Amino acid sequence: MIHNKVAFSKSGILIKHNDKVIALDPEERVKADLTFVSHAHMDHLLKNEKNTVLASKETVELARERGVKIHSYVEALDDVQLIDSGHILGSRAIIIGKNEIMYTGDFSQRDRGFLKKLEPVSVRLLIIESTYGKKGYRFPPTASIIESVMKMISEAYDAGMGVSLQGYTLGKAQLIEYLFQSWRPLIVHKNIEKMNAVYRKFGINIPKPDAVVQNFSQVPDTPFVYVAPTYEYVNNVYYSIKFTGWAKFISNYAVPLSDHADHDELISFVKRVNPEIIITVHGFDKEFAKELRSLGFRAFAFTDQQLDLDSFIYV
Ligand SMILES: [Zn+2]
């Protein structure tokens, strides 16, 4: 018989599966047999992790490139499986036991460029990220986002000027480069090119840039596409376009190309998994759990003080 038990600590959720304790994306070091690292964004990486890490080899390599050493890792265990969550290169959801528990990590419900969406799996307990778990967060179709950005780049080239396309150094920047690779010359910030190299190593066709720069001051005064980190201030371009799911709330030229599921996609994902219990984590976790309860699901937010721990013991 399989025994699963769910426990909550202030650093995150722990699952006891058979005789092993698995920590799910903990925010700080925690005593467990294994630490599941869903992907290599910095808020998911721990320095000096002592536990064996459960992660994809792409995540381990990206972490290494970002200066976080992972001493030992495995990609699967008996009865524990990692599946592509479509968030960035190497991102994974974890399935524990057969049809028992799924934790999504950050995930997408859209195929984008080389990224494939997370497929639902039928489980009893679903632990789901809820970054955009609030009504109103609905992203337009990816094709229409690409089309409008293509138009903006074309306008800039007609005006004899460059554009900056900006997103997270890891994940978004590579997707941007992949989607808009037909525009040349392509200039890339050095921190992004470092991540690009890992993507290429795993067979993703990220275009080779015409130039790699330390910062914007080194770009030419003829038309160009400059792929830069979100944080860089770029001026003297025709458009400075930022790619983020929060676009609605940012001023000029922010484009809602997200690596997360939007609100409506979260709801439809939950319906397709149709679990007995749901725990929501991150972002609008309380709002999302509340809405799920109104739809008849048994749902709890991780940050909810009212969590009934006994509810989560499975035999
Ligand atoms: Zn992420």
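Residues are numbered from 1 along each chain as its sequence is written. Because the model is predicted, local features need pLDDT of at least 70 and side-chain atom pairs count only at pLDDT 80 or more, while totals for chains, interfaces and linings use all residues.

The protein chain is divided into domain 1 (4–137 + 260–314) and domain 2 (142–255), with bounds that come from an automatic or database domain assignment. The centres of the two domains, taken over C-alpha atoms, are separated by 30 Å. Where they meet, 16 residues of domain 1 are in contact with 14 residues of domain 2, contact meaning that the C-beta atoms of two residues, placed from the backbone, lie within 7 Å.

Turning to the sheet, six strands form an open arrangement in the order 7-8-9-10-17-18, with mixed pairing. Strands (E, at least two residues) and helices (H or I, at least four) are DSSP runs numbered from the N terminus, and two strands pair if DSSP finds at least two bridges between them. Strand 7 (80–84) and strand 18 (299–301) each have a single partner strand, so one side of each is left without a neighbour in the sheet. Strand 7 and strand 8 (residues 92–96) run antiparallel and are joined by five bridges, and Leu 82 stands opposite Ile 94 in strand 8.

Helix 5 (residues 263–273) lies across strand 9 (101–103), strand 10 (125–129) and strand 17 (277–281), and runs at about 165 degrees to strand 10; such angles run from 0 to 180 degrees between N-to-C directions, with axes fitted as lines to C-alpha atoms, for helices over the stretch in contact. Helix 6 (residues 285–294) also packs on the sheet, where this helix touches strand 17 and strand 18.
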